[in-house]
Amino acid sequence: WLIDKIPNLAGLARTCEVFQASSLVVAQASVVKDPEFQNISVTAEKWIPIMEVPEAGLEAYLLGKRADGWSLVGLEQTTTSVEITKFEFPKKTVLLLGREKEGVPVELIQMLDHCVEIPQL
């Protein structure tokens, strides 16, 4: 969600479609109208609901999802993160992705139930 580069968001939309995610939450849903997004996403935005949650509302959104029984999992390297290939994702998972360079902010990491990381080879 905190990803803000259009090519990365478009690729993520395609990934969500392939893995049959229930939705993709972004800071600005208008990104789907951007020609660069449309070129890379190859119509993925037509097959997966894209919801807008402004950054200022992200914490409340995550707390609401947790209250509805969802597990909060962040893709971030921490001292307790588990390799993504070894983690068994709960059926109802919200996967939080951080900004490209800064990652997931500390205040959001503290809210997460789990952290997973992609091994760097």
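A disulfide here means a pair of cysteine sulfur atoms within 2.5 Å, and the structure holds 0 disulfides. Is cysteine 115 buried or exposed? Cysteine 115 counts as buried, at 8% relative accessibility. (Buried means under 20% relative accessible area, exposed over 50%, and partly exposed in between, with a 1.4 Å probe and protein chains only.) Cysteine 16 is buried too, at 11%.

A quick note before you click on: this is a predicted model, where local features need pLDDT of at least 70 and side-chain atom pairs count only at pLDDT 80 or more, while totals for chains, interfaces and linings use all residues. Residues are numbered from 1 along each chain as its sequence is written, and side-chain values use heavy atoms, leaving out hydrogens and water.

**Stop two: helix α1**

Now select residues 6–18, which make up helix α1. (Helices are DSSP runs of H or I with at least four residues, strands are runs of E with at least two, and both are numbered from the N terminus.) How far apart are the end C-alpha atoms of α1? They are 19 Å apart, which agrees with the 18 Å that 13 residues should span at 1.5 Å a residue. (The expected span is 1.5 Å times one less than the number of residues.)

Colour Leu9, Ala10, Leu12, Ala13 and Cys16, the buried residues in α1. Look down the helix axis and you'll see that these buried residues fall within an arc of 160 degrees, so they line one face of the helix. (The arc is that of the directions from the helix axis to the C-beta atoms.) Among the things covering them are β1 (24–26), α2 (35–41) and β5 (93–97).

Most residues other than glycine have a negative phi. Go just past the end of α1 to glutamine 20, where phi takes a positive value of about 55 degrees. Glutamine 20 belongs to the loop between α1 and β1, and at 70% relative accessibility it counts as exposed.

Next, pick valine 42 in the loop between α2 and β2. Its phi is also positive, near 50 degrees, and valine 42 is partly exposed at 46% relative accessible area.

Click valine 25, which sits in strand β1 and is buried at 11% relative accessibility.

Isoleucine 50 is in strand β2 (residues 50–52). What does isoleucine 50 touch, leaving aside neighbours within four places in sequence? It is in contact (heavy atoms within 4.5 Å) with Leu24, Val26, Val32, Phe37 and Glu45. Show alanine 13 as well: its C-alpha is 8.5 Å from that of isoleucine 50, though they're 37 residues apart along the chain.

**Last stop: the rings**

The structure holds 1 aromatic pair. Select phenylalanine 87 and phenylalanine 89: their ring centres are 4.8 Å apart and their planes are at 85 degrees, so the pair is edge-to-face. (Rings of Phe, Tyr and Trp, using its six-membered ring, pair if their centres lie within 6.5 Å; planes under 30 degrees apart are stacked, over 60 edge-to-face, and the rest tilted.) Phenylalanine 87 is buried at 15%, whereas phenylalanine 89 is partly exposed at 32%.

Finish at tryptophan 70, where the charged end of lysine 65 sits over the ring, 4.3 Å from its centre. (That calls for NZ of Lys or CZ of Arg within 6 Å of the ring centre and within 35 degrees of the ring normal.)
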